[in-house]
Amino acid sequence: MEKKFFKNREEKNFIHNKKIIAKFPKNALVELTNACNHECVFCANPKMERSISRIDINLFSSFVKNAVKNGLEELGLYTTGEPFMTKNLHEFIEISKKNGVKRIYITTNGSLASLEKVKKCIDKGLNSIKFSINGGTRETYKIIHGKDDFDKVFQNINDIYNYNLNSEKKIQLLCSFVTTKLTEKEIPEFKRKYSKYFEDIMVTPTYNQGGRIDGDSFNKKNEVSHKKKLTKEQINSAKPCEYLWERAVLSAEGNLTACCGDYENDLIYAKYDPKIDLLDQYNSKSMLYLREKHLNKNLD
């Protein structure tokens with residue numbers, strides 16, 4: 001049976017009628033912290049010059065309340081960092097659920113996602129975990145992630161999977177695999193061995209992390225980058241970034257940013273202000289400017 005969760009979700013969330021002034025999205029991402037315990041070779045996090053921050057829980061609570069008033073239904077508790085580095089992760093989940101968020105989800109490398117920690121999160125209302133696993137074997141995983149945690153991650157996944165089988169409170173298990181030259185051939189075997197654990201596995205190529213990863217030096221040093229030169233036809237057929245309409249993103253410092261991969265706070269359009277209607281902040285002058293440029297393909 002073909003697994004289509006990610007495809008169906010993308011189709012469901014797609015904004016067909018994009019306008020410069022947008023409705024507040026039903027989905028948001030909050031960066032609880034920009035700290036991470038892994039050093040993936042395709043990720044800009046290890047090179048990040050921005051200071052390590054952790055979001056203030058009262059600011060978080062205010063944002064969630066205002067977002068739900070404006071129609072928020074789903075909330076992801078991650079962007080540039082590892083959510084399980086937030087020791088009281090379950091408290092953020094509890095706040096979200098109590099304020100009416102229908103679906104709460106996280107993406108994690110899984111090395112810190114012990115069953116004990118995950119159970120606390122499930123009990124408070126966590127609905128879904130997506131494990132970011134970017135190597136099909138322990139050997140390639142260690143190269144890509146910069147940590148020898150492959151066996152540990154799958155022990156955690158196996159524990160959660162078995163917990164699901166025997167518990168009334170179940171959690172959705174998903175997986176993402178960012179491919180590289182080193183790992184792209186591992187995908188069929190990876191799916192054969194591990195797909196039983198996951199409702200769906202999303203496979204995506206490496207990309208330049210908003211321009212933070214230099215293609216030439218990255219490829220030369222690591223020999224893992226999918227470096228592709230865009231043709232004129234591809235540039236002409238470029239589509240607007242869905243995040244300008246589909247999701248709101250709050251950074252650990254309390255900034256509203258246009259991108260979930262804003263590692264250096266380059267795309268801040270407002271400092272979240274609980275006294276100003278969140279919809280007005282989402283439609284700030286900077287966001288209107290970005291949406292207009294994307295719609296007109298004025299990307300120079």
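Colleague: Helices here are DSSP runs (H or I, at least four residues), numbered from the N terminus. So at what angle do helix 2 and helix 3 pack?

Modeller: This is a predicted model, where local features need pLDDT of at least 70, side-chain atom pairs count only at pLDDT 80 or more, and totals for chains, interfaces and linings use all residues. Residues are numbered from 1 along each chain as its sequence is written, and side-chain values use heavy atoms, with hydrogens and water left out. Now your pair: helix 2 (residues 57-69) and helix 3 (residues 89-98) pack at an angle of about 25°, and their axes are 9 Å apart. Axes are lines fitted to C-alpha atoms over the stretch in contact, and angles run from 0 to 180 degrees between N-to-C directions.

Colleague: How are helix 2 and helix 3 set relative to each other, then?

Modeller: Helix 2 and helix 3 are therefore roughly parallel (that's under 35 degrees; over 145 is roughly antiparallel, 65 to 115 roughly perpendicular, the rest oblique).

Colleague: Is the crossing of helix 2 and helix 3 left-handed or right-handed?

Modeller: Right-handed for helix 2 and helix 3, with the near helix turned clockwise from the far one by less than a right angle.

Colleague: Which residues in helix 2 and helix 3 meet?

Modeller: On the helix 2 side, look at I57, F60, S61 and V64; they meet E91, F92, I95 and S96 in helix 3. Contact means heavy atoms within 4.5 Å.

Colleague: And what's in that contact of helix 2 with helix 3, by class?

Modeller: Five nonpolar, two polar and one charged residues in the contact of helix 2 with helix 3. Asp, Glu, Lys and Arg count as charged, Ala, Val, Leu, Ile, Met, Phe, Trp, Tyr, Cys and Pro as nonpolar, and the others, Gly among them, as polar.

Colleague: New topic. Where do helix 4 and helix 6 stand on axis distance and crossing angle?

Modeller: Helix 4 covers residues 115-124 and helix 6 covers residues 150-165; their axes come within 9 Å and cross at roughly 45°. Helix 4 and helix 6 are therefore oblique to each other.

Colleague: What hand does the crossing of helix 4 and helix 6 have?

Modeller: The helix 4 and helix 6 crossing is right-handed.

Colleague: Which residues of helix 4 and helix 6 make the contact?

Modeller: Helix 4 brings L115, V118, K119 and I122, while helix 6 brings D159, I160 and Y163. That contact of helix 4 with helix 6 divides into five nonpolar and two charged residues, with no polar ones.

Terms used: Helix = DSSP H or I, 4+ residues; strand = E, 2+ residues; numbered from the N terminus.
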